[in-house]
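Visitor: I would like to learn how to read a model feature by feature. Please give me the idea, then the case.

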Amino acid sequence: MALRNAILATLLDGESSGYDLAKSFNASVSNFWTATPQQLYRELDKMESQGLVAARVVEQRRRPNKRLFSLTDAGAAELAAFTTRVPKPTAIRDELLVQVQALEAGDDKEVRRAVADRMSIAETKLKRFERLRERLLGESAEAEFLATAPRVGPYLTLARGIAFEQENVRWCEQVLAVLDRRAAASEER
């Protein structure tokens, strides 16, 4: 998937400045796609030159003017075409997994620290995703929201992000428990 497709999908929510798009990416798309603000701005410029997004300048007092980007018909067509393609399979490339794989050749305490850090990050992301879920649902029950909301894609991708971080926490807990048992057993010897 190209960054452009994630930008086009985000612009389905309406016109956005590059700054607001970066905040939106951080708040909602971050569970499946990451990009720096610089990458977003570069891609927006390319997409504008290709006619996939349109930009309009909004004059501001006491601040620099800002550009607001919106999806063009060509951008909507590009996004629609993207949804018809067979997605590439997900591939995990994770240094922590390599460290755990090499545990017996390394430093148990440092690997344990890295796993604990990963668990802390996952727990923080999970809390943020759950707060976003509550905001999306508002007063609606999940089933009602999914049946009546004009856009359910952001909710469904958020649900995947929540499940992913829940699994990260579960796996980290498992690894830490194994490492704790190994440490206790080695102290008994």
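Visitor: Which residues does Asn5 touch, not counting residues up to four places away in sequence?

Guide: Some ground rules come before the case. This is a predicted model, where local features need pLDDT of at least 70, side-chain atom pairs count only at pLDDT 80 or more, and totals for chains, interfaces and linings use all residues. Residues are numbered from 1 along each chain as its sequence is written, and side-chain values use heavy atoms, with hydrogens and water left out. Contact means heavy atoms within 4.5 Å. On that rule, Asn5 touches Glu78, Leu79 and Phe82, not counting residues up to four places away in sequence.

Visitor: Where is Asn5 placed, and is Asn5 buried or exposed?

Guide: Helices (H or I, at least four residues) and strands (E, at least two) are DSSP runs, numbered from the N terminus. Asn5 sits in helix α1. Buried means under 20% relative accessible area, exposed over 50%, and partly exposed in between (1.4 Å probe, protein chains only). Asn5 has a relative accessible area of 4%, so it is buried.

Visitor: How many of the 8 residues of α1 are buried?

Guide: The count is 7 of the 8, so α1 is largely enclosed by the rest of the structure. The buried ones are Leu3, Arg4, Asn5, Ala6, Ile7, Leu8 and Thr10.

Visitor: Which residues have the most contacts inside the largest nonpolar core?

Guide: In soluble globular proteins, nonpolar side chains tend to be buried together. A nonpolar core is a set of buried Ala, Val, Leu, Ile, Met, Phe, Trp, Tyr and Cys residues joined through side-chain atoms within 4.5 Å. Here the largest one has 16 residues, and Ile7, Leu8, Leu21, Phe25, Leu40, Met47 and Val53 have the most contacts inside it. At least two residues come from each of α1 (3-10), α2 (18-27) and α3 (37-49). The largest share, 4 residues, is from α1. A second, separate core holds 12 residues, including Leu96, Ala114, Val115 and Val175.

Visitor: Which aromatic pair is formed, and how is it oriented?

Guide: Rings of Phe, Tyr and Trp (its six-membered ring) pair if their centres lie within 6.5 Å; planes under 30 degrees apart count as stacked, over 60 as edge-to-face and the rest as tilted. The count comes to 1 aromatic pair. Phe145 and Tyr155 form it, tilted, at 5.3 Å centre to centre with 55° between the planes. Phe145 is in helix α7 (residues 142-148) and Tyr155 in helix α8 (residues 153-188), so the pair ties together parts 10 residues apart in sequence. Phe145 is buried at 11% relative accessible area. Tyr155 is buried too, at 2%.

Visitor: Which residues lie nearest the centre of the second largest pocket?

Guide: On a 1 Å grid over the protein atoms alone, a pocket is an open set of points where a 1.4 Å probe fits, with protein on both sides within 12 Å along at least five of seven lines; lining residues have an atom within 4 Å of a point. Of the 25 lining residues, Ala9, Thr10, Val29, Arg151 and Pro154 lie nearest the centre of the second largest pocket. Two or more lining residues come from each of α1, α2, α4 (73-82), α6 (108-137) and α8.

Visitor: What is the phi of Arg62?

Guide: Most residues other than glycine have a negative phi. Arg62 has a positive phi of about 65° although it is not a glycine. Arg62 is in the loop between β2 (53-58) and β3 (66-71). Its relative accessibility is 87%, so Arg62 counts as exposed.
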